[in-house]
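Visitor: I'd like to learn how to read a model like this one. Could you walk me through it?

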Amino acid sequence: MAKLLFQGHGSFRLTSNAGQVVYVDPFAGEGYDTPADLILVTHQHEDHSCTDLCAKKSGCCIISNFEALEGGKHNTFDVDSIGIQAVAAYNQNHDASQCVGYIITIDGVKIYASGDTSKTDQMADFAGMGLDYALLCGDGIYNMDMTEAAECAKIIGAKHNIIIHLTPDPLLHAEKAMAWDGPNRLFVAAGQEIEL
């Protein structure tokens, strides 16, 4: 069974049944010592793009917003049977031409990593994708607040919704996260690993 380690802030690590390792938005927390097959970066802000933190396997693939938006469109990738679909991410602090979210398919599990965003028009399309997990930002400063994140969770319709990227705690404001009233809420503490 695939696993997700929430490292904190907007950072998490996925591990497949076969031992493939994917880091998403490396920056916060611990657990970067397992060598990566794939690193995904939603945008170039320093709290999402610290790829040097990650141990890497020979041939590690790094996909950032540059590759994800090459050609002026949201691109899709297949890296050793891991599917990656770039999707829109934007708000007043994040330009749509420089930021993405990702839908990651690993061992048949579909995970939406929102990156830094507010509600997007494209989210209405996600309900038909049968998402298993959505990791949604909710700081209310640089991104949507927790109320808007709950609204997005309703639109997206994932089986499990995890609120991340909260302030002021640098990893996760646990009290806020536990109080979030998004549908199908799943609380995951910083440093906790769950089976998907």
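Guide: Let's start inside: G10, F12, V24, D25, H48, A113, S114, G115, D116, C137, I164 and H165 line the largest cavity. This is a predicted model, where local features need pLDDT of at least 70, side-chain atom pairs count only at pLDDT 80 or more, and totals for chains, interfaces and linings use all residues. Residues are numbered from 1 along each chain as its sequence is written, and side-chain values use heavy atoms, with hydrogens and water left out.

Visitor: What counts as a cavity, and how much space lies in the largest cavity?

Guide: On a 1 Å grid over the protein atoms alone, a cavity is a set of points where a 1.4 Å probe fits but cannot get out; lining residues have an atom within 4 Å of a point. A volume is the space filled by probe spheres set on the points, with grid points joined across faces, edges and corners. Here the count comes to 1 cavity of 30 Å³ or more, and the largest cavity holds about 60 Å³.

Visitor: Is T42 buried or exposed?

Guide: Buried means under 20% relative accessible area, exposed over 50%, and partly exposed in between (1.4 Å probe, protein chains only). T42 has 0% relative accessibility, so T42 counts as buried. As for contacts (heavy atoms within 4.5 Å), T42 touches D25, H48, N65, Q98, C99, V100, G101, Y102 and G115, leaving aside residues up to four places away in sequence.

Visitor: In which helix is F126?

Guide: Helices (H or I, at least four residues) and strands (E, at least two) are DSSP runs, numbered from the N terminus. F126 sits in helix 2 (residues 123-126). F126 is buried too, at a relative accessible area of 0%. Setting aside residues up to four places away in sequence, F126 touches V87, I103, Y112, L131 and I156. The C-alpha atoms of F126 and G157 are 7.4 Å apart, though 31 residues separate the two along the chain.

Visitor: In what order do the 6 strands of the open sheet come?

Guide: Two strands pair if DSSP finds at least two bridges between them. The order in this open sheet is 6-7-8-9-10-11, with mixed pairing. Strand 6 (76-79) and strand 11 (160-164) are at the edges with a single partner strand each, so one side of each has no neighbour in the sheet. Strand 6 runs antiparallel to strand 7 (residues 82-88), joined by 4 bridges, and V79 stands opposite I82 in strand 7.

Methods. On a 1 Å grid over the protein atoms alone, a cavity is a set of points where a 1.4 Å probe fits but cannot get out, and a pocket is an open set with protein on both sides within 12 Å along at least five of seven lines; lining residues have an atom within 4 Å of a point.
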